[in-house]
Amino acid sequence: MLNENIKASRKSKGLSQEELAIKLNVVRQTISKWEQGLSVPDSDMLISISEVLEIPVSTLLGETVIESKVDDIKAISGKLEIINLQLAQRKATRRKTLHWLLISLCVVIVTISAVLIAVNSPYIGWNYSDPETAVVGVAFHSFEWLFVRLTPIILIGAIVGIFLTRKKV
């Protein structure tokens, strides 16, 4: 909600991300991350955004309740904490999904390697005078040739990725 409100308010003022970034003394990528919901501004920056866009902080956060300044800061802090927790959960879920995808990739590579070793390139002994057999044989040979050359690089990358995405204790 915060990301949508920042974007809508910025657009209603006719500001680009770059113009808003200049007014807030941040880089344009920071504005982009806020608007995409990848990060959230801290409470001081939220107040600066509300001043630049000339709207109350409560409107940015999706509320129209008028509270005192102390209550405003507490409410902002609470909402930002909730948003940060949601972002952390989303990041953890993405990390976990990527981790298991990399493990699955390793399993698939090992399985295909085992199958290729077990069948021992049977297409080499085929009669290539038949055009259909020739096409299938060349396709098998091309797959095996690419697989043997690319697999070590992909496997090493996947193993490194598994270690980088494992859960930190």
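Here are a few questions and answers about a predicted model.

User: What should I know about this model before starting?
Analyst: Residues are numbered from 1 along each chain as its sequence is written, and side-chain values use heavy atoms, without hydrogens and water. Local features need pLDDT of at least 70 and side-chain atom pairs count only at pLDDT 80 or more, while totals for chains, interfaces and linings use all residues.

User: In helix H4, which residues are buried, and what arc do they cover?
Analyst: Helices are DSSP runs (H or I, at least four residues), numbered from the N terminus, and H4 spans residues 43-53. Buried means under 20% relative accessible area, exposed over 50%, and partly exposed in between (1.4 Å probe, protein chains only). In H4 the buried residues are Met 45, Leu 46, Ile 49, Ser 50 and Leu 53. They lie on the same side of H4 because their arc, taken from the directions from the helix axis to the C-beta atoms, is only 145°.

User: Which exposed residues does the face of H4 turned away from its buried side carry?
Analyst: Let's look across from the buried side. The exposed residues on that face are Asp 44 and Glu 51.

User: Is Ile 154 buried or partly exposed?
Analyst: Ile 154 sits in helix H7. Its relative accessible area is 40%, so Ile 154 is partly exposed.

User: How far apart in space are Val 107 and Gly 125?
Analyst: Val 107 belongs to helix H6 (residues 69-119) and is partly exposed, at 48% relative accessibility. Val 107 and Gly 125 are 18 residues apart in sequence, and their C-alpha to C-alpha distance is 29 Å.

Conventions
Helices (H or I, at least four residues) and strands (E, at least two) are DSSP runs, numbered from the N terminus.
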